[in-house]
Amino acid sequence: MSVVAWIGLGNMGGPMSANMVAAGHEVRGFDLNPDALATAVQAGVTAAGSIADAVIGADVVFTMLPKGDHARAVYFGEDGVLANTDTTTLLVDSSTIDIDTAQALHDAAAEAGFRFVDAPVSGGMSGATAGRLTFMIGGEAGAVADATTFIEPMAANIIPTGGATTGQAAKICNNLMLFINLAAAAEGAVLAERLGLDKQVFWNIASVSSGDSWALRTWYPVKDVVETAAANRDFAPTFTTTLASKDIGLAIAAARATNTPLEIGEHVAELFQRLIDEGEGGKDCSMIVKLVDGTLQPQA
């Protein structure tokens, strides 16, 4: 059994830390949101009053945070990870953040004498709960190998990606493809219905044909076709539009930095922004279908 410090206990970090508890580890967690912390405690996580309290004596620190700014604050702050953790402790950041911040975390950790990996995940809330996430791990080979042993209770796939920030690069590119596929599934679904196809019959065809994608099989944005789809629950979020907008924005920023045109990605980003502008940022990103079928009415 190891001592695990977990910073960030939201929709992903909460169930991930619970799986670490289930695997027999002692997990000390911290989150600024008292409700998230209380939920984690119900799953067996020990509440810490601060980052410093969580990391003392830990074998590994996991961070799962919404944005790069949050990651910088958690690692670089006076009360943060680098200032309060022993350098023998392995640091694993599983947030999805910008490449520049990921590099800054690697550089600062190395300068302070820490082993650090960027290890973002794919699989969403359902994968986090089931312990079936895909981890993409970037960093020095020894640190990646050490991180793998801790990650196993949370993962279906653990894939080393190369050096520093390559885990984030893989996640950014993967999510770009995901959101483009989601938009394509929405357009295909609406057009098929308007051409007179039964919604289940069309999905049965597309899911075993060249139109198939993870988004189609898991997030299909039409009610009563795919059990896991948010469309069945009035688009209660499995992955919010605000987070989707953030993630595709990371891809666009990386593309501009590398002179890579993303014409389709830019358009999908505009669709997410339209949902946010209409006050739907907290709903599931598959609500993009409402912009295709015309049922989302602009606010007065």
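Biologist: How do you know that Glu-266 forms a salt bridge with Arg-256?

Modeller: Their closest N and O atoms are 3.1 Å apart, and a salt bridge is a side-chain nitrogen of Lys or Arg within 4 Å of a carboxyl oxygen of Asp or Glu, so the pair qualifies. Glu-266 lies in helix 13 and Arg-256 in helix 12 (residues 241-257), so the bridge ties together parts that are 10 residues apart in sequence. Helices here are DSSP runs of H or I with at least four residues, strands are runs of E with at least two, and both are numbered from the N terminus.

This is a predicted model, where local features need pLDDT of at least 70 and side-chain atom pairs count only at pLDDT 80 or more, while totals for chains, interfaces and linings use all residues. Residues are numbered from 1 along each chain as its sequence is written, and side-chain values use heavy atoms, leaving out hydrogens and water.

Biologist: Why does Arg-256 count as exposed?

Modeller: Its relative accessibility is 56%. Exposed means over 50%, buried under 20% and partly exposed in between (1.4 Å probe, protein chains only), so Arg-256 passes the mark for exposed. Glu-266, at 26%, is partly exposed.

Biologist: What makes Asp-247 and Lys-246 buried?

Modeller: Asp-247 has a relative accessible area of 3% and Lys-246 has 16%, so each falls under the cut-off for buried. Their side chains also meet in a salt bridge, at 2.9 Å from N to O.

Biologist: And how many salt bridges are there by this rule?

Modeller: The count comes to six. One of them joins Arg-115 and Asp-146, at 2.6 Å from N to O. That pair links distant parts of the chain, with Arg-115 in strand 6 (residues 115-118) and Asp-146 in helix 8 (residues 141-151), 31 residues apart.

Biologist: What is Glu-280 in contact with, leaving aside its neighbours within four places in sequence?

Modeller: Thr-241, Leu-275, Met-287 and Leu-296, where contact means heavy atoms within 4.5 Å.
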